[in-house]
Amino acid sequence: MVGGAGALLGLAAGSAQAAEVSFATHCVPPAGIDPVDGTTKVEITAPATAKVGDTVNVVWKFVQAASKNPDIIDLPANSVQPSGTLKAAGAQTADIAMQGPRENPAIPKGGNMVLSDMKGTLKLTTAGEVTLTPDAYTVNAMSTDTKCTPKETVQKAATIEVAPGDGGTTSATPTDTSSATPTDTPSATDSASASASPSDGTGDGQTDFTGKEVDIPYTCQSPIGEKKATSPIQINAKKDGGSFGLTVQFKKSVMDSPADIPAGSVKPSMEVVLGGADKGTVHVEGPTNSKAIKSGDPIEIPDLTGTYKPGASGSSTLSPGVLTINALGTTTTCKPDRTAVSLTLDTTQQASGAAGGTSSSGGTSSSSGGGLAETGSSDHGALKALGLVAGTAVLLGAAVFTFMPGRRTR
């Protein structure tokens with residue numbers, strides 16, 4: 001007997017039975033990752049006897065998943081949720097939708113995948129022998145799915161002897177076969193500006209300059225491939241002597257966290273592109289998340305800050321550039337498909353400033369022709385934050401890091 005096994009809800013309930021079955025399995029992770037072949041072992045628990053009209057509970061327990069957690073990143077606790085289909089056959093034919101809670105211990109690199117028990121119900125409609133056989137299942141981890149299907153004929157795992165009920169019906173009524181796998185998939189902003197009218201950075205004695213909000217489409221290269229996302233971005237500046245403290249604001253908030261994320265695990269940065277009189281880039285970044293983020297809570301990203309030391313005198317433009325996200329040992333680089341000017345400043349050339357193709361002590365660097373070289377940083381200015389990150393996941397043999405802006409405006 002297995003603790004928590006399914007029991008008959010009707011008065012004619014028989015004692016629970018549990019049987020284990022193994023089958024070769026083919027698992028398909030998200031796009032860009034090679035399929036995984038392995039052996040799945042499950043234990044199905046159901047009542048041994050019942051009668052027509054009863055609704056019975058069944059339990060699918062994973063004795064062994066198709067593969068281990070690969071040696072890429074540690075998988076956080078409560079980040080994996082299984083769902084699947086249990087086939088009823090014999091006197092009654094039905095697809096039983098099964099689902100488990102998003103509950104798992106932290107799984108280290110190379111550790112065994114631990115999946116929660118899945119549960120479902122079946123209303124019995126026909127007298128006779130009803131067999132239960134495991135079929136395809138899906139593993140959802142932090143908003144990404146790995147789909148696993150049997151590669152061979154699976155043996156039955158349990159049998160229910162169904163006796164006629166009061167006025168016993170004989171027609172079979174299949175249960176709902178809809179998938180119960182939840183997904184957290186916020187939509188990206190659809191439009192992107194091809195150009196923008198920059199804010200005016202002139203004015204005697206002016207020290208604070210507010211940039212224009214511009215929509216920037218990004219292509220993000222993650223460990224498993226590409227992911228596209230668009231976000232409204234605004235660059236602001238605060239003058240400090242001959243230099244400017246910068247902030248980059250992503251105007252869309254991040255998605256709600258699909259799983260528990262530990263403190264100190266997410267760090268964003270960006271290269272702001274200079275144009276007009278000046279050339280090069282300015283590095284801005286924020287600290288890692290100071291607190292753990294619980295599943296379902298909004299992902300709050302700290303301020304991105306940096307200092308721009310002009311390398312030329314004249315009218316200089318600032319545009320969003322390459323975005324980098326480091327999380328749990330993985331790096332995702334997001335390059336703009338096209339960019340637009342958010343802010344224009346009247347600048348005066350400073351020693352070791354941006355133009356000229358060399359890094360400066362002021363937190364800027366450049367590349368001739370306005371390239372996107374990585375730069376240093378400094379912590380000047382009271383600056384506001386980024387909002388573009390989603391989750392990190394490892395699924396039955398593959399890791400994925402994706403970014404999706406949420407719907408909620410900050």
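Val273 counts as buried, at 15% relative accessibility, where buried means under 20% relative accessible area, exposed over 50% and partly exposed in between (1.4 Å probe, protein chains only). This residue is found in strand β16; helices (H or I, at least four residues) and strands (E, at least two) are DSSP runs, numbered from the N terminus. The C-alpha atoms of Val273 and Thr317 are separated by 8.0 Å, although the two residues are 44 apart along the chain.

The structure is a predicted model, in which local features need pLDDT of at least 70 and side-chain atom pairs count only at pLDDT 80 or more, whereas totals for chains, interfaces and linings use all residues. Residues are numbered from 1 along each chain as its sequence is written, and side-chain values use heavy atoms, with hydrogens and water left out.

**Confidence**

The predictor's confidence in each residue is given as pLDDT, from 0 to 100. The protein has a mean pLDDT of 73, and 67% of its residues reach 70 or more. Over residues 168-203 the pLDDT is below 50, and this stretch has 93 contacts in the model beyond near neighbours in sequence; contact means heavy atoms within 4.5 Å. Residues 356-410 also have pLDDT under 50, and the model gives them 227 contacts beyond four places in sequence.

**Nonpolar cores**

In soluble globular proteins, nonpolar side chains tend to be buried together. A nonpolar core is a set of buried Ala, Val, Leu, Ile, Met, Phe, Trp, Tyr and Cys residues joined through side-chain atoms within 4.5 Å. The largest such core here has 39 residues, and those with the most contacts inside it are Trp60, Leu122, Leu132 and Tyr137. Among the elements that give two or more residues to this core are β1 (16-28), β4 (55-64) and β8 (128-141). Strand β8 supplies the largest share, five residues. Leu132 touches several residues beyond four places away in sequence, including Ile44, Val58, Leu86, Leu122 and Ile160. Apart from this core lies another, of 31 residues, with Ala237, Phe250, Leu323 and Cys334 among them.

**Salt bridges**

Side chains of opposite charge can pair when their charged atoms come close. A salt bridge is a side-chain nitrogen of Lys or Arg within 4 Å of a carboxyl oxygen of Asp or Glu. A search of the whole structure finds five salt bridges, and the table lists some of them.

| Pair | N to O distance |
|---|---|
| Lys151 and Asp37 | 3.6 Å |
| Lys87 and Asp95 | 2.9 Å |
| Glu285 and Lys267 | 3.8 Å |

Glu285 lies in strand β17 (residues 280-285) and Lys267 in strand β16 (residues 266-276), so this pair ties together parts that are 18 residues apart in sequence. Glu285 is partly exposed, with a relative accessible area of 23%, and Lys267 is partly exposed at 27%.

In the pair of Lys151 and Asp37, Lys151 lies in the loop between β9 (144-150) and β10 (158-163) and Asp37 in strand β2 (residues 36-47), so the pair ties together parts that are 114 residues apart in sequence. Lys151 counts as exposed at 52% relative accessibility, while Asp37 is partly exposed at 47%.
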